[in-house]
Amino acid sequence: PKRAKEMIGKKYRVVFRIMFVIWVILQVCLVIKYWDMPNHDDAQAYVKLASECIARGTWYPDVHNQYEDFIFGPGYVNLLIGIYHLCGSFSFVRLLNLLMNIAMVFEIRKLAGRMFSNKTGYYAAILYMLIFSNLYAPIAVLTDLPFTFLLLTALLLCNVRRLFPVAVAGVLIAVANWFRPLAIVFLFVILLLFIVQKRRWQSYAALALPLVLTVFLIGRSAKERTGHFVYQAVSGGYNLAMSSFDEANGLVNFNGFGDPDNYICLPPGDYTYMERDSLLKRASVRWISEHPFKYVSQLPFKLAALYCEDTWTERVKPDMGFRVVLSNVEGNNLKIMELIVSLALKSIVYYTVLLLFFYYVWTNRRDLLRERNLYLLIPVLGTAVTVLFVITSRYHYPYLFAITIYAAAGLDAFIQNELRKIAESVDLFVDFLCVNSK
């Protein structure tokens, strides 16, 4: 058992290096193969909005977006505009995605190493590379990867007790929130970290001032173009509304907006995105207050849909979107079963990571208040906020790095427990031989 531990200690670094080289080569091949891939769904919308702003010589949103249904991913749309101005093509965002995905491997290794041990850091990085969605992540023209990369980087910087890294983290949190309005979860966890570590007031100021200033600059810039202080997406009303009518099941569903019997079906008229968002929030709250059980009954299904599989990055391909795939197998039970098996097999490492995560939580259930377990709040609070609105399985991605780190700790604990059992068995066997030899 002692030699086994030594061998494991030497081998995991070698395994990491070999896997990393193969993983990067595979991703480069995927980026080249899908460089000019046509986009669909959200990715298509981002590119369309960016193209329109480029044609008008402006940034997103501008006054021409006043009567859009919602404003979503403004930071990401502006990233696409910037990349187009610099490189002449939106496809270069895939190269940026590749660099961010590579950086995240080392950031996860670093964070896990600080929380637990270097070995756990390597385990976490290896698990991250084995997860199917992380292989295809660079080809997705979506907010998920840059949003998560910015916040993971901010978390690492906030673990440094110097003021400048914390100030940079404040900027990154504000920019991440500009991409997707969920950074509040990570900000809350960082503030708790500061409290637990008994940071001085300078740390809070170093985090808050750049964050507030960045939000102000983003919002002020948008106000000059639109008349509204837009510092993040304005889509909460729309997303809440899709869970706020009688036929809603928690998944993306636009049918309710056209049924005059639903509160969320607004009277005909020209609404600005601000007006529409406000009216939809009001209509949603009214429906939820009248049908609380129907709304709450969606939550188990939302939770299952959120974590049921992990192939979302592959589904950005035009022929792999769920709507396309489901329409192709509709009415054919054999094809449906093949689809389910395919999703399960591609998600097998992801399921293993979830099991190891729960193994860690269970074996450390009496020790959850330790500082290193503070990041458990990321998937817990993130999931709680996410299930209030409509769900698709890719929405679990921003929490997956934290889940992977704790899964790696669970894997390390599991291996150590098994080696200990082997050692005990060997000792008993040796004792038995000694007794019988006498």
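1. Contact here means heavy atoms within 4.5 Å. On that basis Asn-101 touches Trp-23, Gln-27, Tyr-128, Asn-134, Ala-137, Pro-138, Leu-145 and Tyr-397, with residues up to four places away in sequence not counted. Before going on, note that this is a predicted model, where local features need pLDDT of at least 70, side-chain atom pairs count only at pLDDT 80 or more, and totals for chains, interfaces and linings use all residues. Numbering starts from 1 along each chain as its sequence is written, and side-chain values use heavy atoms, with hydrogens and water left out.

2. Staying with Asn-101, its place is in helix H4 (residues 92-115); helices are DSSP runs of H or I with at least four residues, strands are runs of E with at least two, and both are numbered from the N terminus. Asn-101 is buried at a relative accessible area of 0% (buried is under 20%, exposed over 50%, partly exposed in between, using a 1.4 Å probe and protein chains only). Its side chain makes a polar contact of 2.6 Å with the side chain of Tyr-128. For that term, read a pair of N or O atoms within 3.5 Å; within protein, one must be able to donate a hydrogen and the other to accept it, and residues adjacent in sequence count only if both atoms are side-chain atoms. Gln-27 is 74 residues from Asn-101 in sequence, yet their C-alpha atoms are 9.6 Å apart in space.

3. H4 also packs against helix H7 (residues 144-158): the axes come within 10 Å and cross at roughly 35°. Axes are lines fitted to C-alpha atoms, for helices over the stretch in contact, and angles run from 0 to 180 degrees between N-to-C directions. The crossing is left-handed, i.e. the near helix is turned anticlockwise from the far one by less than a right angle, with clockwise being right-handed. Asn-101 turns up here again, among the H4 residues that meet H7, and Leu-145 is one of those on the H7 side. By class, the contact has ten nonpolar, four polar and three charged residues (Ala, Val, Leu, Ile, Met, Phe, Trp, Tyr, Cys and Pro are nonpolar, Asp, Glu, Lys and Arg charged, and the others, Gly among them, polar).

4. Next, helices H2 (residues 41-56) and H3 (residues 74-87), which pack at about 55° with axes 9 Å apart. That makes the pair oblique; under 35 degrees would be roughly parallel, over 145 roughly antiparallel, 65 to 115 roughly perpendicular, and the rest is oblique. The crossing of H2 and H3 is right-handed. H2 brings Tyr-46, Val-47, Leu-49, Ala-50, Cys-53 and Ile-54, and H3 brings Tyr-76, Val-77, Leu-80, Ile-81, Tyr-84 and His-85. The class count is eleven nonpolar, one polar and no charged residues.

5. The loop between H2 and H3 holds Asp-62, which is buried at 4% relative accessibility. Its side chain has a polar contact of 2.8 Å with that of Arg-56. Neighbours within four places in sequence aside, Asp-62 is in contact with Arg-56, Arg-225 and Thr-226.

6. Last pair: H14 (residues 299-307) and H18 (residues 377-386), with axes that come within 10 Å and cross at roughly 120°. These two are oblique as well, and their crossing is right-handed. Leu-303, Leu-306 and Tyr-307 of H14 make the contact with Pro-379, Thr-383 and Thr-386 of H18.
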